[in-house]
Amino acid sequence: MKLELRGITKRFGSLTANDHIDLVVQPGEIHALLGENGAGKSTLMNVLYGLYQADEGEILLDGEVQHFRGPGDAMAAGIGMVHQHFMLIPVFTVAENVMLGHEDTNAIGALDLGKAREHVRTVSERFGFHIDPDALVGDLPVGVQQRVEIIKALARDARILVFDEPTAVLTPQETDELMGIMRQLRDEGTSIVFITHKLREVREVADRITVIRLGRVVGEASPTASNTELASMMVGRAVELTVHKEPPQVGAGGLEVRDLRVLTERGEVVVDSISFDVRPGEVVAIAGVQGNGQTELAEAIVGLQTRVTGSVSLDGVELVGRSVRAILDEGVGFIPEDRTEDGLVGAFTVAENLILDRSSDPAFTTAATIRRSVLDRFAKERIEEFDIRTQGPHQPAGSLSGGNQQKVVIARELSRELRLFLASQPTRGVDVGSIEFIHKRIIATRDAGVPVLVVSTELDEVAALADRIVVMYRGGIVGIVPGDTPRDVLGLMMAGVNPTEDAA
């Protein structure tokens with residue numbers, strides 16, 4: 001089936017998310033839609049899938065104009081979508097999830113689960129999925145859950161499949177398996193739209209690439225294009241993708257974590273008696289698939305988790321049991337993984353956000369009143385130093401792009417004397433150009449003799465920054481390895497396999 005999007009325009013108030021976008025996807029091809037976060041890729045596909053209605057433009061399938069009033073119409077026309085965040089019900093079985101919304105009944109009016117089971121078995125055999133139709137979805141690994149999403153689409157006779165950032169929660173091995181599935185689907189005649197911002201994956205699997213920037217198509221590229229060429233198209237300027245760093249000059253002291261255990265409010269163990277060090281002058285990265293305890297580990301270090309046992313000490317000073325305020329005052333800089341919820345106050349100005357954790361500092365206040373002239377001068381200096389693209393220090397932080405919001409958080413945390421820098425998902429949701437800048441600042445902080453702990457689910461980022469890598473799986477540490485450990489070894493460790501132990 002041939003897909004054509006002609007002049008698709010979608011506005012949200014004064015924001016034009018899609019600006020007269022044209023796109024053609026040929027039958028039996030993998031067409032990658034490449035762009036920065038916020039470029040308009042997902043919005044465009046949500047228009048195609050009927051979740052949004054376009055303000056202008058039209059959708060054609062095999063030359064016929066379509067009018068989708070919702071996802072049901074899109075599915076009926078042969079369009080399926082595998083969402084970044086799975087649309088599955090954990091307490092339902094695989095078969096129940098597959099039939100949801102398309103329930104068949106038997107002769108006596110009862111749900112025909114047998115037919116759904118047969119759909120699952122048929123597609124599983126076709127692609128070698130090996131999925132039990134009666135397995136509870138909540139008990140399945142994320143890579144298998146994604147296959148259930150694919151089965152849902154294929155069970156409804158999808159001839160065009162949209163994959164929206166499909167590798168965000170997968171290990172490298174699961175990503176490779178997904179690429180193989182996409183190729184098999186293509187070879188059987190299914191058209192695939194692959195939405196991503198990961199250059200390596202695009203070059204590996206795409207037949208054609210369309211690049212979107214700021215809601216507009218800026219060009220097409222071949223998979224043979226280099227990462228540098230693709231990044232330049234995405235950002236609109238030359239981008240340096242390689243992180244340059246000298247061997248670490250490691251000092252004494254720093255962060256020491258010993259037998260750290262974190263429980264949820266329900267008493268579940270999410271960090272299970274782990275120990276590691278981060279020395280001054282090195283970057284230690286915590287690697288793992290999202291949801292294996294990394295978030296809770298970072299929060300425990302800065303005092304945001306309350307049910308904590310064990311020890312976290314910084315230069316001999318115990319941090320467990322102390323308030324967040326006291327821990328920050330010990331010289332801990334912290335980038336939370338969700339900047340909008342935990343890193344910024346969107347209604348506050350850029351200047352006010354730059355001193356959120358220093359609002360009582362005598363340098364900025366007199367008799368509990370902020371010294372505006374001092375704050376404005378400080379903010380302008382940080383805006384220039386950290387290349388924050390803003391109308392000025394008085395612009396609300398919430399109106400900035402994601403990458404510039406992240407730069408505000410980083411500028412705030414790196415503008416004071418630090419004894420530890422903890423960066424959790426430091427480049428999540430930011431563009432390639434901002435990633436380049438953030439990585440340089442992290443290495444500069446390390447080279448200044450500060451211990452740096454990076455928590456990241458992006459394996460390329462871990463490999464680029466880390467001097468040592470701590471791999472977590474289900475709350476525990478699988479192993480601590482050098483920063484140049486091969487991707488395939490890291491991928492196995494992220495799935496809970498320690499290659500060294502297996503070899504022994």
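Buried means under 20% relative accessible area, exposed means over 50%, and partly exposed is in between, with a 1.4 Å probe and protein chains only. Tyr52 is a case of the middle class: its relative accessible area is 31%, so Tyr52 counts as partly exposed.

Before I go on, a word on the source. This is a predicted model, in which local features need pLDDT of at least 70, side-chain atom pairs count only at pLDDT 80 or more, and totals for chains, interfaces and linings use all residues. Residues are numbered from 1 along each chain as its sequence is written, and side-chain values use heavy atoms, with hydrogens and water left out.

Back to Tyr52. Tyr52 sits in the loop between helix 1 (41–48) and strand 4 (56–61). Helices (H or I, at least four residues) and strands (E, at least two) are DSSP runs, numbered from the N terminus. Together with Phe12, Leu15 and Leu51, Tyr52 makes a nonpolar surface patch of about 360 Å². Patches are made of residues with over 30% relative accessible area and no salt bridge; like charges are joined within 9 Å, and nonpolar side chains (Val, Leu, Ile, Met, Phe, Trp, Tyr) within 5 Å. The areas come from the Shrake-Rupley method with a 1.4 Å probe, and for residues only the protein chains shown count as cover.

Next, strand 3. How many residues of strand 3 (residues 30–35) are buried? Six of its six are. Ile30, Ala32 and Leu34 point one way from the strand, while His31, Leu33 and Gly35 point the other way. Strand 3 pairs in the parallel sense with strand 8 (residues 191–196), over five bridges, and Ala32 stands opposite Phe194 there. Five bridges also join strand 3 to strand 9, again running parallel, with Ile212 as the bridge partner of Gly35. Two strands count as paired if DSSP finds at least two bridges between them.

Elsewhere there is an open sheet of four strands in the order 12-11-14-15, with antiparallel pairing. Its edge strands, strand 12 (269–278) and strand 15 (317–318), each pair on one side only. Strand 11 (residues 255–263) is joined to strand 12 by six bridges, and Leu260 has Ile274 as its bridge partner in strand 12. Strand 14 (residues 308–314) holds Leu314, which is buried at a relative accessible area of 0%. Contact means heavy atoms within 4.5 Å. Leaving aside residues up to four places away in sequence, Leu314 touches Gly254, Leu255, Leu319, Glu330, Val332, Arg419 and Leu420.

Now the interior. A nonpolar core is a set of buried Ala, Val, Leu, Ile, Met, Phe, Trp, Tyr and Cys residues joined through side-chain atoms within 4.5 Å. Which residues touch the most other members of the largest core? Phe421 and Ile442 do, in a core of 35 residues. Elements that each supply at least two residues include helix 13 (372–385), strand 19 (420–424) and helix 15 (432–447). Helix 13 gives the largest share, five residues. A second, separate core of 32 residues includes Val82, Val120, Leu185 and Phe194.

Two backbone angles deserve a mention. Most residues other than glycine have a negative phi. Leu214 has a positive phi of about 55° and lies in the loop between strand 9 (208–213) and strand 10 (216–221). Gln425 also has a positive phi, near 50°, and lies in the loop between strand 19 and helix 15. Are these residues buried or exposed? Leu214 is exposed, at 70%, whereas Gln425 is buried, at 3%.

Last, charges. A salt bridge is a side-chain nitrogen of Lys or Arg within 4 Å of a carboxyl oxygen of Asp or Glu, and the structure holds 39 of them. Glu282 and Arg468 meet in one, at 2.8 Å from N to O. Glu282 lies in the loop between strand 12 and strand 13 (283–287) and Arg468 in strand 21 (residues 468–473), so the pair ties together parts 186 residues apart in sequence. Glu282 is buried, at 5%, and Arg468 is partly exposed, at 26%. Glu385 and Arg441 form another salt bridge, with their closest N and O atoms 3.2 Å apart. That pair links helix 13 to helix 15, so parts 56 residues apart in sequence are tied together. Finally, Lys245, Arg446, Asp447 and Asp467 are linked in a network of salt bridges.
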